[in-house]
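The sequence and structure come first.

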Amino acid sequence: MQRIESIYFEPIWNRCKVDVVLESSIGVRLQDLPAAVDGELRETLVLDVHTHLFPPALGRLGLWGIDELLTYHYLEAELFRSSAMTPEQYWKLSKPRRAEAIWKTLFIENTPVSEATRGVIAVLQAFGLPVDDLERSREYFAAQTLDAHIDKVFELAGISEAVMTNDPLDPEEGPLWENGAAPDPRFHAVLRLDRILNKWPDHWSVLESKGYAVDRHAAGESVSEVRRFLTDWLRRMNPVYMAVSLPDTFAFPEESIRGKLLSGAVLPACAEARIPLSLMVGVRYQVNPRLRLAGDGTGKADLRAIENLCAGYPGNRFMVSVLSRENQHELCVYARKFANLMPFGCWWFLNNPSIVEEITRERLEMLGTTFIPQHSDARVLEQVIYKWRNTRRTLVPILANAYRILAEDGRPVKREDIRRDIWKLLRSNFENFCGFDQSPELPARRAFSRNAPSTRAVPSPAPSKVPA
Ligand code: FIX
Ligand code: ZN
């Protein structure tokens, strides 16, 4: 028998609204929705779909510790706005001196209210370190052993795995894979193609030196040889997807080496391996080269290139992140047209609460829960702590509000609904889109958590002065 559990009246535009909660459906009460969403977000471990982190087996590639946190390129860009130091003077300094310059300028002489500076504070607080003592932090990180430290960081961040960015043509990274770097279940590989697709004239000779019959103009057998190169690296890396970042001028189809290699080598290789291609579109590379890694900007792209890819290659899947705020709505429209398109993340200059909120609400309204709301893009291990804390904090009111208006419109929302949705957003949309374990030709990939939501072990964060 159904029983009315609660009735209350709320005046809205001079009318009475009755919220009826039936025992059989046990919808979460409207006032409890934020806490329910917050609880489920805390208890669901994230699969971080795009980072620049590495396991210990990849040696010095993996960055961690306070000096790396302070010299993150987001903070380097901020340094030059508040200091008289020129980039040229900065680059002459050793890493510890650079870290000290940033600490003094952005954390002592200024209040660290920007997203990137606040992140360092949140990391220090997560480890129980004083937020005003650089030397104490240095001592703490110097005393950690990396392997156990990674476990601790992942636990504090509430993530189970990080997806890497692995460039076979990186002179430091490539040989580590060729020598058989040991797999680490916490990290998944991604075959990154920027050097091949965007900088062919500088890199074709590396392929040639490894026995692939390619030439400067990508003529002759070059395309089929790149395909062979990709197949070899698919076997070696077992990547969960292939990826490339692209300029705002990206076009497809295109009479260019990139267009030729994409259509003739990359797309067939992805289709055969049944893995997506991730396209990160909208970078204006090196608008200020003096800033090095911090010198890139953003530009609005023509997303017809994405339309042409999704329509022209229905057997391929595309994860797409666009860097310009102006492209976000179009991306959602395309995702409504093409099921082989998965929008993901609020990338780089978009990863600020105000913009994340706008983009995520738009995606929820247009796509339901069929997108991947965020990736961390962490370059320094401990950044996952603040980036995922911020993402969870931003998601609480967005999801709670979506559930509130749904309940007001007549569909009570149960705790199980919330759990399932968050599971999809933070994990299984990605797992399913990547088709884990569906590729018989490739070495068995570790089966990700495909079962019903059960990975529920995020520790409650240390009491925070900032309300969640
Ligand atoms: O191309 C990318 O993967 C970008 O995310 C980075 O290269 C960029 O420098 C970055 O760190 C953005 O967050
Ligand atoms: Zn990245």
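In this predicted model, an oxygen atom of ligand 1 lies 2.9 Å from an N or O atom in the side chain of D377. A polar contact here is a pair of N or O atoms within 3.5 Å. Taken alone, ligand 1 exposes 330 Å², and the protein buries 94% of that (Shrake-Rupley method, 1.4 Å probe).

| Residue | Distance to an oxygen atom of ligand 1 |
|---|---|
| H50 | 3.1 Å |
| H52 | 3.1 Å |
| D377 | 2.9 Å |

Ligand 1 is surrounded by H50, H52, H73, Y74, R192, S245, W347, W348, D377 and R379, where a residue is near if one of its heavy atoms lies within 4 Å. By class, this shell has three nonpolar, four polar and three charged residues; Trp and Tyr count as nonpolar, Asp and Arg as charged.

H50, in the loop between β5 (46–48) and α2 (66–70), and D377, in the loop between α16 (353–367) and α17 (383–408), are 327 residues apart and link distant parts of the chain. Helices (at least four residues) and strands (at least two) are DSSP runs numbered from the N terminus.

Residues are numbered from 1 along each chain, chains are lettered from A and ligands numbered from 1 in the order written. The model is predicted, with local features needing pLDDT of at least 70 and side-chain atom pairs pLDDT 80 or more, while totals for chains, interfaces and linings use all residues, and side-chain values use heavy atoms, without hydrogens and water.

Technical notes. A polar contact is a pair of N or O atoms within 3.5 Å; within protein, one must be able to donate a hydrogen and the other to accept it, and residues adjacent in sequence count only if both atoms are side-chain atoms.
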